Amino acid sequence: MRVAFVASEAFPFAKVGGLADVIGSLPQALQKQGLEPTIFLPWYWGIQGYYVGEAWFSFEGRREQMGIGHAEHNGVRYVLVGLGDFARDKPYGYPDDFRRFVRFALATAHLLGDFDIVHAHDWQAALLPLLRNLGWFKARTIYTIHNLAYQGVWGSQDFYAWTGLPGETYYGAGLEHHGSVNLMKAGIVNADAVTTVSPRYAWEITTPEGGEGLDGVLRAHQWKLRGILNGLDTHYWNPATDPYLQHHYDASDLSGKAQNRALLLAELALEDRPTLGVVSRFAQQKGIDLIADAVDGLMGLGINLVVLGSGDPNLERTFAWMAAHLKGRLAYVQGYNEALAHRIYAGSDGFLMPSRFEPCGLAQLIAMRYGTPPIVRAVGGLLDTVKHWETGFMFDALDAGGILHGVREFLKHPDRESVARKAMQQDFSWDKPAREYLALYRQLLGMA
């Protein structure tokens with residue numbers, strides 16, 4: 001069975017968020033199940049691939065040429081789609097992002113003729129199920145929603161000038177949403193199956209509270225929607241072999257974790273108190289502003305806080321100011337540092353994650369893998385993966401008081417080491433999700 005993954009990022013070639021980790025790991029697990037996965041990715045500036053040729057496609061009413069490159073990682077084949085407007089310093093964050101990824105989808109559609117399944121991910125690839133239904137290729141299609149908050153919305157006039165698609169697709173193929181083109185809606189409506197990245201999130205997005213304006217569309221297509229929990233690359237995230245750690249450990253012997261903790265406190269000049277780690281984008285979704293609101297209360301509970309992340313400039317300034325005024329208690333490192341992230345996961349006593357919404361979440365899985373019980377809000381994939389007082393701690397309220405409640409639960413547990421050990425023993429590998437996806441592929445092809 002030949003499966004094409006089409007996505008905007010994939011670790012290690014291009015990474016902005018958790019999507020890259022999924023695309024970098026799931027195909028490897030599927031390959032172990034006997035499939036032949038191929039990943040289609042924009043050929044971003046800096047990706048090392050070898051040029052194999054070119055192909056033609058239509059955009060803005062004229063024929064355009066794309067370069068085609070090949071790369072390989074861990075035995076999985078990548079096809080790099082070479083378009084001029086992707087030769088930039090970063091994958092996203094440009095005013096013409098919508099146009100760029102529409103162009104990428106149109107170009108990629110011309111390369112999918114030999115596949116049995118096309119698995120499209122997030123809004124950047126959401127046009128592909130519609131193109132399949134218009135006869136551009138024959139494979140069955142699956143559309144996966146990694147984050148419903150980002151939908152790919154644009155005015156209709158430019159869209160039809162760019163794509164040359166028939167005007168009746170605006171209403172007839174599900175593109176129209178509140179007077180604009182909505183690519184995610186089109187992906188949901190046209191795909192043969194729709195998945196998202198945790199069972200709880202699959203339910204939440206059908207509600208007005210969690211549906212980001214598409215809850216009605218999702219309820220209408222709930223018959224083909226399911227949640228398949230993301231996995232974790234347990235070879236990369238492994239405290240027993242992690243090259244970023246000076247001391248290795250596992251669930252049977254946590255002495256190495258205690259040594260890593262001592263090194264982290266020394267590195268960041270923190271006093272010897274219970275230490276909570278935060279590794280996150282500073283985005284509204286992640287509830288980092290709620291942590292800022294809770295800092296005085298956390299200090300009152302006798303907590304150290306280690307924060308690594310960037311994003312919202314106001315929050316960056318806030319945490320920098322707090323770190324300067326709470327020396328020895330709060331450490332903040334702006335940006336993302338892979339090695340330091342590993343040291344925080346390994347050296348912290350607990351991990352704080354107060355998300356407003358969380359489709360699946362990766363950080364809590366990593367924290368559990370490293371024996372660092374997560375303190376999370378009971379939402380989305382966090383609710384699917386963390387067991388209160390068994391593998392981590394939960395709270396409900398979306399405010400500083402909720403965070404403080406979760407931390408008090410953490411502090412009062414009589415045997416946090418047992419929580420850490422049990423968390424480390426959970427199986428969050430890609431094996432089970434890969435089997436679920438394989439069963440879905442087989443069902444779509446009439447092989448079940």
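Let's start with Ser198 and its neighbours: leaving out residues up to four places away in sequence, Ser198 touches Gly227, Ile228, Leu229, Pro359, Cys360, Gly380, Gly381 and Asp384, where contact means heavy atoms within 4.5 Å. This is a predicted model, in which local features need pLDDT of at least 70, side-chain atom pairs count only at pLDDT 80 or more, and totals for chains, interfaces and linings use all residues. Residues are numbered from 1 along each chain as its sequence is written, and side-chain values use heavy atoms, with hydrogens and water left out.

So, is Ser198 buried or exposed? Ser198 counts as buried because its relative accessibility is 0%; buried means under 20% relative accessible area, exposed over 50%, and partly exposed in between, with a 1.4 Å probe and protein chains only. You'll find Ser198 in the loop between strand 11 (193-196) and helix 7 (199-204). Helices (H or I, at least four residues) and strands (E, at least two) are DSSP runs, numbered from the N terminus. The side chain of Ser198 also reaches the backbone oxygen of Pro359 at 2.6 Å.

Now please look at helix 12, residues 338-347. Eight of its ten residues are buried, so helix 12 is largely enclosed by the rest of the structure. Among those buried residues are Leu340, His342 and Tyr345. What do the buried residues of helix 12 pack against? Their partners include helix 9 (255-267), strand 14 (304-311) and helix 13.

Next, the cores. A nonpolar core is a set of buried Ala, Val, Leu, Ile, Met, Phe, Trp, Tyr and Cys residues joined through side-chain atoms within 4.5 Å. The largest one has 90 residues, and Tyr441 is one of those with the most contacts inside it. Helix 2 (residues 97-109) gives the most to this core, with eight residues. Apart from it lies another core of 35 residues, including Ala341, Leu365, Met394 and Ala423. Back to Tyr441: not counting residues up to four places away in sequence, Tyr441 touches Met1, Val3, Phe5, Leu30, Leu35, Ile117, His119 and Ile142.

How values were computed: A polar contact is a pair of N or O atoms within 3.5 Å; within protein, one must be able to donate a hydrogen and the other to accept it, and residues adjacent in sequence count only if both atoms are side-chain atoms.
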